[in-house]
Amino acid sequence: MGEVILTMKDIDKTFPGVHALDHVNFELEKGEVHALMGENGAGKSTLMKVLTGIYTKDSGSIIYEGREVEFHNTHDAQEAGIVIVHQELNMVGDLTVAQNIFIGREFMKGFMIDDRKMIEESRKLFDELHISIDPKARMSDLTVGKQQMCEIAKAISHKAKVIIFDEPSAALTEKEIEDLFAIIRDLRKQNLGIIYISHRMDEIKVITDRVTVMRDGTYVGTLITNDCTKEDIINMMVGRVIYEEPKTHSMVPADAPVVLKVDHLNAGKMVQDVSFELRKGEILGFSGLMGAGRTETARALFGADPKTSGDIYINGQKVEINSPRDAVKHGIGYLSEDRKRYGIVVQKTITENSTLATLEKYMAGLFINKAAEKAVTEQYIKELDTKTPSADQLVVNLSGGNQQKVVIAKWLVRNCDILIFDEPTRGIDVGAKNEIYKLMNRLASEGKSIIMISSEMTEILRMSDRIVVMCEGKKTGEIPIEEATQEAIMDKATRDIA
Amino acid sequence: MAKKKTVISQEIIVAIVLVVLYLIFRLISADFGKYTTFLSVMDISYYYVLMAIGVAFPLITGGVDLSIGTGMICYALAGGFLIRAFNVPTGFAIVVTILFGLGIGIVNGILISLMGLPPFLATLCTCMITRGLGSVVTGSFAVPWPTAKQANGWFHSIFKIATADKTKLPLGLLWIILLTLIMQFVLAHTRFGRYTIAIGSNKEAAILSGINVKFFHVMVYAVSGLFAGLAAVAYAAVIKTVQPGTGAGMELDAIGGAIVGGVSASGGYGTIYGTVIGAYVIIFLKQGLPYIGFNANMQQIITGLVLIGAVCIDIVKRRVIK
């Protein structure tokens, strides 16, 4: 192993209400590929953002090439030779490959941009990396894989000494991943330090030299990849103390009827051949890592995204769901993971939000029957225990938990019997979380059926009667709560794809 | 392996449309073929085309500039007023007119880029303000610039000169061609042009690449204002008297021209030569349709339909590429 190029020591970072990084340590040597692993929300991205100057650390030190450094923005970090290849590609689709690689630092000939030189230099870069991309091609005409190669070329053209790959393989095909690995091995040979963030256990084994594991914003440990097993890493990732008691057995009676059956659902790359059943009064947990295709499955089921094939049965009857309107008509409600974008209209009152999906019920001729609207809203404020001075309060003034209740009210007013909760407690503080949990349990006991998508393992284990695990667009397992453990779920969620 | 695109560029389609339109009008109407008609169509075209060239830049960033129509009238009023009321040299008035446009453009840019107003809203406000401002400056009176026969009316010959045998030549067309070439070069081969496209295509990526996006975003609107100022001079040269309170709606023809000429309605793509050709399509429709028996209302409807067609081509093109 080579000499140490980067040391991050005792890095601490607190956001309002969240201790995102709790005295984290990280070390990178020249000529090594170092994996950074952890569940969603473990703090990997935050750590990298602190390193590249997007966030400012509260305390701790970063020593780079023997000197203590503090970058104020990505540009500073780039200048120093630390570049990040983002998971979402930062490319200008309407410009050419060469124009993208040199954007912001074009070669000039007087007033004129020297496109010819940029093309030449790009060609040299690609030769160095042994990849064949036409520097004159329009960026948006390239495949995602090729675009990523361009990002890497751009990173290297910055005279990078440390390259951070943030889940680089998420959108790549097998072949493209092989090409990517060839490049990474090449870079390692050139003595660059490489940080590799990924969820794919098999990749970690193939490409990395060491693994650092984080959990809940803390540093768990660093292992030599060749000396450890997949199970070692998983145990380090999930080995936290569970504060909330997981459910021990299913609350659903054995004879509860199947209310929803999804049969061989396909929708693009993220939903491949997904089948499952949901029974009356059941909370069905959907577990998996980010990008496993859970939200996409829900959206396809709800008609928000087009599906390529598959059948949906409600109460045994085959139904056609091609739009959210169809879904709602069949009693399916969807609570988006991104409340502010899809769930509520924040600048409107609770009343207006509650009846948004059902306004036709509250019309008196051409006009809205305000009294009836208000009555039903107040009924649900009481029933869901929403904390608000009045039904006329603007939703923007409510806390996250109470906003979530308004969304729930909206679907209950609509008489939905099947509710899809997508990350129901994201951005909600601990106390309010418990209330949402209680509410979901009550809804289930009253006969509503719930699909709960969650990236939080504890939430899955605490709420679900049964757990569906997804990985890379496929359903990789179905576990009754009685047999569910964090390890069992994580194993399926990171399953090596054959 | 980028797929070879078989889509013909919209610029070529529009150029063909322009030629076909011209031929149809000539075939049906003998009057349209007259040289004097050609001259008057050219006269009208200059200020529309100048506005279109300018507004192409905000459009390519995914924004818009609605202030150029009323702005143009406002700047022309101000310049003319200086000559009438204070007897300033014409050259000075022209410079003030152009700088006024540039100034309002910079104001737009600051509102949008630094203060974060949506382009539609910011320029709608300056549209209203310039409309009122023109009237305030002149005390609501119409302002005639010097006529061609007057001594200080030399600026008319920028756009139209008479030869020795009294034939008039549309000199303005030469300037339009020249400006088209210059601005196309600016768009395709300078940092400013490249970042204009980058802002329209993926602003986030542009920021992350360390580009001073705020500055360039202001410049985009400054260019649009500058060309509205130039258009004001062209307007004063061909329209005898500048009327306060007019100009609203002219920006739509200019914007329409740019869109017809292939500027993407969602930003990220466009050419200046396409914009100019597109603007001429709109002008031909405006000026030519009455010659073949369509009244002004019909002409509006047809122009609207042509715009829909152009935007559909853009949308289909984007889908094909995806």
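**Chain B**

I looked up burial in chain B of this predicted model: of its 322 residues, 48% count as buried. I then checked the overall dimensions. The radius of gyration of chain B is 20 Å, which agrees with the value near 20 Å for a compact globule of 322 residues. Along the principal axes, I found that the C-alpha atoms of chain B fill a box of roughly 65 × 50 × 35 Å.

For secondary structure I noted twelve helices and four strands in chain B. I also looked at how far apart in sequence its contacting residues are. Counting contacts in chain B between residues at least 6 apart in sequence, 76% join residues at least 24 apart.

**Where the chains meet**

Next I turned to the contacts between the chains. I found 21 residues of chain A in contact with 20 residues of chain B. On the side of chain A that touches chain B, the elements giving two or more residues are α2 (74–80) and β8 (112–113) of chain A. I sorted that side of chain A by class and got nine nonpolar, seven polar and five charged residues.

**Domains of chain A**

I looked up the domain assignment of chain A, which gives domain 1 as 4–238 and domain 2 as 258–493. The centres of domain 1 and domain 2 of chain A, taken over C-alpha atoms, are separated by 35 Å.

**Strand β22 of chain A**

Is strand β22 of chain A largely enclosed or open? I went through residues 449–453 and found five of the five buried, so β22 is largely enclosed by the rest of the structure. In a regular strand the side chains alternate between the two faces of the sheet.

Which strands pair with β22(A)? I noted β15 (residues 283–287) of chain A, which runs parallel to β22(A) and is joined to it by four bridges. In this pairing I283(A) stands opposite I450(A). I also noted β21 (residues 418–422) of chain A, paired with β22(A) in the parallel sense over five bridges. Here F421(A) stands opposite M452(A).

**G310(A)**

I located G310(A) in strand β16 (residues 309–314) of chain A. G310(A) has 17 C-beta neighbours inside 10 Å, so it counts as partly exposed. I then listed its contacts, leaving aside neighbours within four places in sequence: V262(A), D263(A), H264(A), L265(A) and N266(A). I also checked K261(A), which is 49 residues from G310(A) in sequence and 11 Å from it in space, C-alpha to C-alpha.

**V345(A)**

Where does V345(A) lie? I found it in the loop between α11 (339–343) and α12 (350–354) of chain A. With 14 other C-beta atoms within 10 Å, V345(A) is partly exposed. Leaving aside neighbours within four places in sequence, I recorded contacts of V345(A) with N353(A) and L356(A). L356(A) is eleven residues from V345(A) in sequence, and their C-alpha atoms are 9.2 Å apart.

Definitions and conventions: Residues numbered from 1 in each chain as written. Chains lettered and ligands numbered in written order. Predicted model: local features only at pLDDT ≥ 70, side-chain atom pairs only at ≥ 80, totals over all residues. Rg over C-alpha atoms; globule rule 2.2 N^0.38 Å. Buried ≥ 20, exposed ≤ 12 C-beta atoms within 10 Å, placed from the backbone. Contact = placed C-beta atoms within 7 Å. Nonpolar A, V, L, I, M, F, W, Y, C, P; charged D, E, K, R; others polar. Domains from an automatic or database assignment. Pairing = 2+ DSSP bridges.
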